[in-house]
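Here are my comments on the model you sent. Please read them with the structure open.

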Amino acid sequence: MSERKRPPPPHAFQRGVSGNPAGKPKGTRNKIERPIVALMGQHAEAVAQRVIDEALQGDLQACRLVLERVSPAPKDRPINLPDLPSTHNVAGVSEAQQRILEAVADGGITPGEGGTLSSILESRRKALETHELEQRILALENRK
């Protein structure tokens, strides 16, 4: 027997329609978080001092907490690859990809950074390809 799909009840959520189009205001805290934040505000300085004292006495967990706040892990860093060729043509993009591969292999940049640069170059290659195809189509249309 085939099952029929029933229509949704009239009170069901409509696909693609938000019940709150404006969304939650920025900075709004949930009900459970408010008293915790208030309590922390009263004791924040004492807790921070205690963590620092523990870190100074050799507690590695406390050390980690302090270091994460003082010197957070870097997100991105500038990359200097001075020998990259011009990417005005596909041959230049290919040569730039080779240089990036070599920089990753030599340890000059991380594999993640190399992947990001390669993605940028791939976008450039696609743009060049699209431009070339457009020029070829225009040339064919002008012949007729």
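1. The end of α3. This is a predicted model. Gly107 follows α3. Its phi is positive, near 85°.

2. The start of α3. Here a side-chain oxygen of Asn89 comes to within 3.3 Å of the backbone nitrogen of Ala91.

3. Length. Does the span of α3 agree or disagree with its number of residues? The helix has 17 residues, and at 1.5 Å a residue they should span 24 Å. The end C-alpha atoms lie 24 Å apart, so the two values agree.

4. The buried side. Gly92, Val93, Ala96, Ile100 and Ala103 of α3 are buried. They cover an arc of only 100° around the axis, and therefore sit on the same side of α3. What do the buried residues of α3 pack against? Their partner is α4 (111-143).

5. The opposite face. Turned away from the buried side of α3 is a face with exposed residues. These are Ala91, Leu101, Ala105 and Asp106.

6. Asp83 lies between α2 (60-70) and α3 (90-106), in the loop. Is Asp83 buried or exposed? Its relative accessible area is 56%, and exposed means over 50%, so Asp83 counts as exposed.

7. A distance to check. Asp83 and His43 are 40 residues apart along the chain. Their C-alpha atoms are separated by 54 Å.

Technical notes: Residues numbered from 1 in each chain as written. Predicted model: local features only at pLDDT ≥ 70, side-chain atom pairs only at ≥ 80, totals over all residues. Heavy atoms only, no water. Helix = DSSP H or I, 4+ residues; strand = E, 2+ residues; numbered from the N terminus. Buried < 20%, exposed > 50% of the residue type's maximum accessible area, 1.4 Å probe, protein only. Expected span 1.5 Å × (residues − 1). Arc of directions from axis to C-beta. Contact = heavy atoms within 4.5 Å. Polar contact = N/O pair within 3.5 Å; in protein donor to acceptor, adjacent residues only side chain to side chain.
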